[in-house]
Amino acid sequence: MPLLKDLRKVSGVHRSESEGEGFTLVLAHHAGGSAASFLPLCEFLPADWRLLALELPGRGAAARTPLPDTVAELVSILLPALAPQLTGPYALLGHSMGALVGYELARGLEKLDRPPVLLGVSGSPAPHMRREDDRHLNLRTQEDLVGFLRDLGGTPPEVLDEPELLDYLTGLLRMDLTLLKSCPDDSRDVLDVPLCVYYGEDDLTAGHELVSPWSGYSSTDVSIRSWPGGHFYLYDRPAEFAAQWVSDVRASPRLPGSRPTVRQEASWG
């Protein structure tokens, strides 16, 4: 599974086998990121959850696989790899670029009659709102990309000060931002899937006005939750974010034995 990584094996936090198939969480990383981006959350997620993180082409085990030109092509590659792994209940969680990839995957999986019990979108404008602030999609020079990384935060200073690592990271970022330009921004497909929207209150790329329209992308339960911090707020508070995400998953009306939820908007804490 070169496009999927079992984070339990990578993190060393092993999964409990007590519930057989159990529950699967599928994670989609941000632009310039990788499956390993979600490692800080692993120890705070239930031990009986299987954690499958997408490893998009161009990095990690998929480093020699070229990244497709469009998001539609990417999803057409990911679906055949992912769908056979989803034999029990599962949820999708994507951060930044991963939120858009997660939404497109949820569309495809719903058409296969295999929808998630919950779709979580974090740190991303709603698809039709991306062009409202698309400055980061048009970054061309190395200086532009490095400045963007500094503004977003979340990149360790030692990476920013190491030319070889920085070249690798900005290469991934340039590739992913080029892919994002192909993401359809006129799609208003409404999923019959519960939706949770998360964002950092100081996020320069995905503030409240840009993320709140996600509420129109689900015909059922929607929640919008803000957190202190910027674009990578979830990694500043991995224990708290993981606890909220687990609570939201367990409250999904599509998960057997869950309690009902309502549309809501809340701040962290």
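P66 counts as exposed, because its relative accessibility is 64% (exposed is over 50%, buried under 20% and partly exposed in between, with a 1.4 Å probe and protein chains only). Keep in mind that this is a predicted model, where local features need pLDDT of at least 70, side-chain atom pairs count only at pLDDT 80 or more, and totals for chains, interfaces and linings use all residues. Residues are numbered from 1 along each chain as its sequence is written, and side-chain values use heavy atoms, leaving out hydrogens and water.

**Around P66**
- P66 sits in the loop between β3 (49–54) and α3 (71–82); helices (H or I, at least four residues) and strands (E, at least two) are DSSP runs numbered from the N terminus.
- Ten residues away in sequence is L56, and the C-alpha atoms of P66 and L56 are 9.3 Å apart.

**Where α3 meets α4**
- The axes of α3 and α4, lines fitted to C-alpha atoms over the stretch in contact, are 10 Å apart and at an angle of about 60°.
- V71, L74, V75, L78, L79 and L82 of α3 meet V101, E104, L105, G108 and L109 of α4, where contact means heavy atoms within 4.5 Å.
- By class, that contact has nine nonpolar, one polar and one charged residues (nonpolar covers Ala, Val, Leu, Ile, Met, Phe, Trp, Tyr, Cys and Pro; charged covers Asp, Glu, Lys and Arg; the others, Gly among them, are polar).

**The largest nonpolar core**
- This core has 85 residues, and W214 and W245 touch the most other members; a nonpolar core is a set of buried Ala, Val, Leu, Ile, Met, Phe, Trp, Tyr and Cys residues joined through side-chain atoms within 4.5 Å.
- Helix α4 (residues 97–111) gives the core its largest share, eight residues.

How values were computed
Axes are lines fitted to C-alpha atoms, for helices over the stretch in contact, and angles run from 0 to 180 degrees between N-to-C directions.
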